[in-house]
Amino acid sequence: MLNIKNLETIIDNKHILKGLNLNIKPGEVHAIMGPNGSGKSTLANVLSGKNGYITKGDIQFNGERLNDISTEERAQKGIFLAFQYPLEIPGVNTNIFLKTSLNAVRKAKGEKELDTLTFLKLIKEKASELGIDEKFLSRQFNVGFSGGEKKKNEILQMKLLEPTLSILDETDSGLDIDALKIVADGVNSYKNKDNAFLIITHYQRLLDYIKPDFIHVLSNGKIVKTGDANLGLQLEKTGYTSLS
Amino acid sequence: MKTEDLKNTQDYKYGFTTNIENIRAPKGLNEETIKFISNIKKEPEWMLDWRLKAFKRLQVLKEPNWQKPKYPNINYQDLYYYSAPKSTSEKPKSLEEIDPKILETYKKLGIPLVEQKRLNGIAVDAVFDSVSVATTFKDELTKQGIIFCSISEAIQKHPELVKKYLGSVIPLSDHYFATLNSAVFTDGSFVYIPPNTKCPMELSTYFRINASETGQFERTLIIADKGSYVSYLEGCTAPMRDENQLHAANVELIALDDAEIKYSTVQNWYPGDEKGVGGIYNFVTKRGACRGKNSKISWTQVETGSAITWKYPSCILQGDNSVGEFYSIAITNNFQKADTGTKMIHLGKNTKSKIISKGISAGNADNMYRGLVDIKNKAINSRNYTQCDSLLMGNKCGAHTIPYIKNNNSTSIIEHEATTTKINEEQLYYCNQRGLDQEEAVSLIVNGFCKEVLQQLPMEFAVEAQKLVAISLEGSVG
């Protein structure tokens with residue numbers, strides 16, 4: 001599904017990723033761990049197509065080169081990024097935002113756009129699966145939401161947009177244990193043989209709830225070690241310095 | 001979005017002209033022109049005298065020049081002050097008699113003039129260049145004693161009301177453009193709501209400048225008698241031309257005891273091209289008097305068009321406990337300039353005013369909020385709340401806020417809040433990541449920014465206004 005070859009990234013004259021290789025197949029959960037400044041969030045931004053990065057190398061997604069495709073087209077093709085710091089959009093009702101987003105993706109896929117009633121039925125269903133209060137949907141998008149609510153909103157959007165590749169950028173940071181479980185349940189309930197996850201995290205904590213098939217350690221712009229779920233537990237004990 | 005696509009969507013949708021034969025007054029501003037206008041409208045003597053008095057006064061007035069947007073000298077002798085489609089020289093008695101080309105024009109603009117479109121529930125008065133061509137739903141309104149007609153018709157049929165109220169809010173000698181309007185105004189709408197009557201539908205006027213080298217000087221007068229309510233909306237468009245055209249309208253509102261007037265404007269005159277060539281000079285005087293106790297006047301404006309917009313819809317809060325509101329969205333793109341705001345003059349006791357202004361600048365545009373809150377010494381226990389928010393897109397545009405605040409008594413409270421923000425790249429990225437393209441993302445964010453004002457608009461127009469907000473800013477974010 002995702003094949004990254006020799007990816008290098010420069011932003012503001014800083015060389016961040018220095019030849020990264022990664023292959024993700026449908027049905028797999030990959031975790032990327034690593035110390036601060038190793039390039040984890042850069043990877044998430046480059047995959048989703050954020051402006052300002054100069055990239056070399058090749059990113060293939062479902063057999064198509066992604067490098068020169070706009071952010072929205074990548075989103076429409078099924079790449080979803082759960083933000084570390086989700087943005088607020090004042091004055092825009094959460095329902096309106098979600099409906100606009102879903103219909104933009106549906107339209108791009110050649111599917112029929114949903115009318116308001118059908119959409120409301122769908123979103124209420126998805127929200128209740130995540131234990132999200134309906135009232136939350138009629139508030140302004142992320143405005144005045146707690147950290148946990150914002151992260152739940154990210155997972156709600158993931159379930160709504162049904163991406164094939166979901167990238168979670170430190171979604172666990174700042175979450176209490178209850179919110180963490182809701183996020184993990186959201187991921188586990190969405191996971192199937194056709195989609196894949198790339199989970200970026202500092203800690204083993206989230207991986208106690210979402211079992212990864214592979215753990216990669218990113219250090220100084222490269223993947224320096226790949227292992228199974230046990231690697232996380234090992235890192236928990238020894239830290240990243242033991243690998244470098 | 002590709003450049004070519006952008007080009008197409010950016011085009012001013014209302015920029016077409018309609019080829020019809022016109023009757024015009026001779027070029028130039030003089031007594032003859034005024035007599036011509038008055039004569040062709042079969043006005044009574046007192047109306048002509050009033051116009052001539054204004055014209056005389058005009059000779060000693062100078063165009064104001066304190067506003068921020070400067071413009072080249074206007075040669076008032078080189079303009080036509082009256083232009084009307086030939087076929088309406090005898091005003092049509094029914095819609096069937098209207099020149100099909102004019103009906104076609106309004107159809108293109110999406111204005112329903114045909115009464116079958118009852119579902120819309122909106123009574124429309126359509127003003128084409130200098131004359132009102134059709135007023136719909138007239139019969140239904142008449143049953144309730146509501147008068148909704150062109151001002152020309154009102155002058156003939158309801159002279160007692162016109163004499164009593166015309167110029168009572170904007171006096172003849174007010175200022176250059178208002179006085180010019182008083183001398184040469186051609187048409188506009190007249191509304192009278194009798195006591196204790198709630199107007200059952202939205203009243204609406206649609207203004208269209210079609211002829212070239214023509215100024216449009218419309219005059220609107222709305223009177224809400226005791227205990228009545230009316231909601232009124234005006235829309236404006238003009239063809240694309242590389243000359244600047246002058247639009248100097250006067251709007252007077254009068255609310256008597258316990259009456260309420262809600263006046264909404266969606267102004268989309270041709271703004272000029274992306275280099276700043278052409279476009280309408282929109283120099284408008286709008287003023288409402290809350291004359292009775294507990295009366296209320298609410299102005300809502302969505303200003304997206306015109307090369308220069310220069311207007312300050314105001315409320316004179318004379319009656320005790322009266323309320324004035326001003327909700328404004330002013331969007332300027334390319335080389336457009338707006339200098340707009342409001343004046344809230346508190347005279348009565350316990351009067352309240354609220355000002356919500358949202359200014360959005362993009363391209364090389366300049367957007368100014370200028371407002372006056374003046375609480376006089378007898379207006380005890382009065383309140384004002386003002387909020388001015390500016391949103392900047394790109395780094396070549398400007399936003400300015402000049403509030404004038406005067407409080408002459410110690411029991412009144414004035415609050416003023418202002419913010420200036422730049423459209424946030426991270427917000428755009430976030431929206432893009434959710435599948436929205438740049439235009440959709442800007443539209444969503446800007447509509448969110450304008451929400452408090454948009455929700456003041458009558459339902460039927462809110463959707464249209466949201467689209468207009470999006471269209472006005474197309475191509476403004478790289």
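These legends describe close-up views of a predicted model.

**View 1. The interface of chain A and chain B.**
Contact involves 30 residues of chain A and 18 residues of chain B. Between them the two chains bury about 2000 Å². Carbon and sulfur atoms account for 62% of that area. On the side of chain A, the greatest losses of area to chain B fall on A:E72, A:F83 and A:L87. Together these residues make up 26% of what that side buries.

**View 2**
Chain A and chain B share 2 salt bridges. One of the residue pairs to look for is B:R434 with A:E154, a salt bridge whose closest N and O atoms are 2.6 Å apart.

**View 3. The side of chain A that touches chain B.**
Which elements of chain A give two or more residues to this side? They are the helices α1 (40-48), α2 (71-76), α3 (94-108) and α5 (147-161), and the strands β6 (79-82) and β7 (89-93). The most comes from α3(A), with 6 residues. By residue class, this side of chain A holds 17 nonpolar, 9 polar and 4 charged residues.

**View 4. The open sheet of 6 strands in chain A.**
The strand order is β6-β9-β10-β3-β11-β12, and the pairing is mixed.

**View 5**
Strand β11 (residues 214-219) of chain A runs antiparallel to β12(A), and 5 bridges join the two. Within this pairing, A:V217 has A:K225 in β12(A) as its bridge partner. Helix α7 (residues 229-238) of chain A packs on the sheet. The helix touches β3 (29-33), β11 and β12 of chain A. The direction of α7(A) makes about 45° with that of β11(A).

**View 6. The open sheet of 4 strands in chain A.**
Here the order is β2-β1-β4-β5, with antiparallel pairing. Strands β2 (14-24) and β5 (64-65) of chain A form the edges, and each pairs on one side only. Strand β4 (residues 54-61) of chain A meets β5(A) over 2 bridges, in the antiparallel sense. At this end of the sheet, A:F61 stands opposite A:E64 in β5(A). Helix α1(A) packs on the sheet and touches β1 (2-11), β2 and β4 of chain A. The direction of α1(A) makes about 110° with that of β1(A). The helix also belongs to the elements that give two or more residues to the side of chain A that touches chain B.

**View 7. A salt bridge within chain B.**
Over all chains, the count comes to 29 salt bridges. One of them joins B:E234 to B:K286, with the closest N and O atoms 2.3 Å apart. The pair links distant parts of the chain, 52 residues apart. B:E234 lies in strand β9 (residues 229-237) of chain B. B:K286 lies in strand β13 (residues 279-290) of chain B.

Notes:
Residues are numbered from 1 along each chain as its sequence is written. Chains are lettered from A and ligands numbered from 1 in the order in which they are written. This is a predicted model: local features need pLDDT of at least 70, side-chain atom pairs count only at pLDDT 80 or more; totals for chains, interfaces and linings use all residues. Side-chain values use heavy atoms; hydrogens and water are left out. Contact means heavy atoms within 4.5 Å. Buried area is the accessible area (1.4 Å probe) that two parts lose on being put together, summed over both. A salt bridge is a side-chain nitrogen of Lys or Arg within 4 Å of a carboxyl oxygen of Asp or Glu. Ala, Val, Leu, Ile, Met, Phe, Trp, Tyr, Cys and Pro count as nonpolar, Asp, Glu, Lys and Arg as charged, and the others, Gly among them, as polar. Two strands pair if DSSP finds at least two bridges between them. Axes are lines fitted to C-alpha atoms, for helices over the stretch in contact, and angles run from 0 to 180 degrees between N-to-C directions.
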